[in-house]
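Please load the model in your viewer and keep the selection panel at hand. The tour moves from one selection to the next and says what is found at each stop.

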Amino acid sequence: MHFRLRPLLGLMSAAALSVVSSIQAQTASNPIKITADLTDAPRKIIHAQMTIPVSPGPLTMLYAKWIPGEHMPDGPIDNLAGLFITANGQQLTWTRDDVNMYAIRMTVPEGVTQLDVKDDFLATAAANGFSAGASTSANLAMLSWNELVLYPAGHANDADIYVKPSVILPQGWQYGTALTKTGGDASHVDFAPVSLEQLIDSPLLSGRYFLEVPLAPEVTPKHFLDIASDGPEDLKLSPDTITGYSNLVRETGALYQSRHYESYHFLVTASDQVAHFGLEHHQSSDDRVPEKTFVDDNLLLLSADLLPHEFTHSWNGKYRRPAGLATGNYEDPMKGNLLWVYEGLTDYLGNVLAARSKIETASQYRDYLASTAAMLDYRPGRTWRDLQDTATAAQLLYETVDAWDNWRRSTDYYQEGDLVWLDVDTTIRELTKDKKSLNDFLAAFEGLGGNTPPKVVPYTFDDVVAGLTAVVPYDWVGFLKERLTSKSPHAPMGGIENGGYKLVFTDQPNDITQARISATGITPEWWSIGINVTTDGRIDDVLVGSPADKAKLGPGMQIVAVNGRQFSSALLSDAIRDAKGNSDPITLIVVNTGTYKVLALDYHDGLKYPHLVRVDGTPDRLDDILKPMTEGTKGN
Ligand SMILES: [Zn+2]
């Protein structure tokens, strides 16, 4: 929402501008030391102390700008405060680069070998956005180290800088992290030195109400579900929920034939006080869900793919990474053109794995897919912006709002990835008479090199094509390019059709649509009149070309009356249903920025909500795709 484009020239030249005297000063044997103090996190301020080994002379220090997994230059330097840099007790003067806001310069005096740095992170952001959004409450805190750490410029790769982290916790709080504890006590914990890359890749979740559950204990390396919440009652997970996540661990082993971590922690924040999203890391994930997720079936269903998605990123995104996103540092701009693989394939797999792991049922998966396909099929922005451009322009699209989103298109490479990769999967199955599938591609592509510690193995478009061709020769270049560059008003439904299903509309919402209505209060009258509308009549968005568009409704307007009676969601649904088969328009009174108007909605086709139905006589490949791969899951 407040994305700011920053000039690229400045950050490209930042490293070149700096005359760096301190390269190789921050080695494994002489690391930067950082202590993050979370005792004031409930008051939305996090303190840090650092000691940074340096040599005398000019020095440029950096603050991480391009945050991995967020795919944009959103390092929250606006909330860095209280920065004091001292050498032998004397405060040093620093100046900010006047182009690259993430770089500061100073001169290290003669005889000085270490700088003492203090800074604060103001954790005051609203509960939206990503890791820099609200991350603390009275009872919990999610620490992302990039919010605090400053580091000397001049290293070719941020994996070459070493950092020894410690954390101070509020009394009685527990924690979870992929970092390795080396000492300390209940409230002051020391961790083993790691590269700067690994530190920023290893957030720490802590809280007063905290639960750690080992998952699939028979599997090595070890996996943990760590949850912090705002109340003890939020941590009452059902045995089925825990079984589902254990199944997920087993199913990923079967699918990817490899693991690229020493251990894995799902760091789950269940709170209404924080931003809700997921952020992937090599050995953990930052998963933030509404407070009641684990005790409310609707909320749990709506988060079904979150942990499978972020976990999949440990392979697809962190280990295998598009070359344009594998910059090796936090300063160089990222290129998002392969995000339809990084995020699109992950979105497909996250949902498939949720079904295979029995986190959701196959029927719920089909409801999700129906809603996704129908959303993408009613998206007129497809006629001017192709799927490829949504990925290339990702850094512009993450923080846009819903209003007119169907005309702009947003980060569509996520959901459309579900359709494109289902299309790939069913095409492989069809070409090989069901002897091979996308599973074979994944075992080779994500499992390249077998089990490894965390590292990055970059890939290009050609590598993806070569991987698919190795499974079954086909015109994969043509196949993918067609779907990436299409300006068709319709979404690619080939995967659903090859899977033995088709998209239809009925007057009853499917289970996923109903769960969304219950959880958000937004009713999607999208496929009938062309609006999504809240319980108090506020229009979230209007579909371009729809009856609502023709009636001159707009996003942000509020419907106050339907056919002369005070608005309710049920009244609007009834009016749409009753208008079927007659010629009288539905009359709406709307208020738009303080001005009232009567509008006539000419629509007579009844309520429409999406479903997938089986096409008899066709191979049921979609059902095959959703079956568990392991005996362990089948038995659960
Ligand atoms: Zn993702």
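In which sense, right-handed or left-handed, does α12 cross α15? Bear in mind that this is a predicted model, and begin by selecting helix α12, residues 415-431, together with helix α15, residues 476-485, which pack with their axes 11 Å apart at an angle of about 150°. Looking at the pair, you will find that α12 passes α15 in a right-handed crossing. On the α12 side the contact is made by Val420, Asp423, Val424, Thr427, Ile428 and Leu431, and on the α15 side by Trp476, Phe479, Leu480 and Arg483. Since angles over 145 degrees count as roughly antiparallel, α12 and α15 are therefore described as roughly antiparallel to each other.

Next, select the zinc ion, which is coordinated at 2.0 to 2.1 Å by NE2 of His309, NE2 of His313 and OE of Glu343. Along the sequence these donor residues follow the spacing H-x3-H-x29-E. His309 belongs to helix α5 (residues 306-312), whereas Glu343 sits in the loop between α6 (339-342) and α7 (344-356), so this pair ties together parts that are 34 residues apart in sequence. With a surface displayed, note that both His309 and Glu343 are buried.

Finally, select the four strands that form an open, antiparallel sheet in the order β29-β28-β30-β31. Zooming in on β28 (residues 558-562), you can follow its antiparallel pairing with β29 over two bridges, where Ala561 stands opposite Gln566 of β29.

Key: Residues are numbered from 1 along each chain as its sequence is written. This is a predicted model: local features need pLDDT of at least 70, side-chain atom pairs count only at pLDDT 80 or more; totals for chains, interfaces and linings use all residues. Side-chain values use heavy atoms; hydrogens and water are left out. Donors are N, O and S atoms within 2.8 Å of the metal (3.2 Å for Na, K and Ca); water is not among the atoms, so sites may look incomplete. Buried means under 20% relative accessible area, exposed over 50%, partly exposed in between (1.4 Å probe, protein chains only). Two strands pair if DSSP finds at least two bridges between them. Axes are lines fitted to C-alpha atoms, for helices over the stretch in contact, and angles run from 0 to 180 degrees between N-to-C directions. Angles under 35 degrees count as roughly parallel, over 145 as roughly antiparallel, 65 to 115 as roughly perpendicular and the rest as oblique. A crossing is left-handed if the near helix is turned anticlockwise from the far one by less than a right angle, and right-handed if clockwise. Contact means heavy atoms within 4.5 Å.
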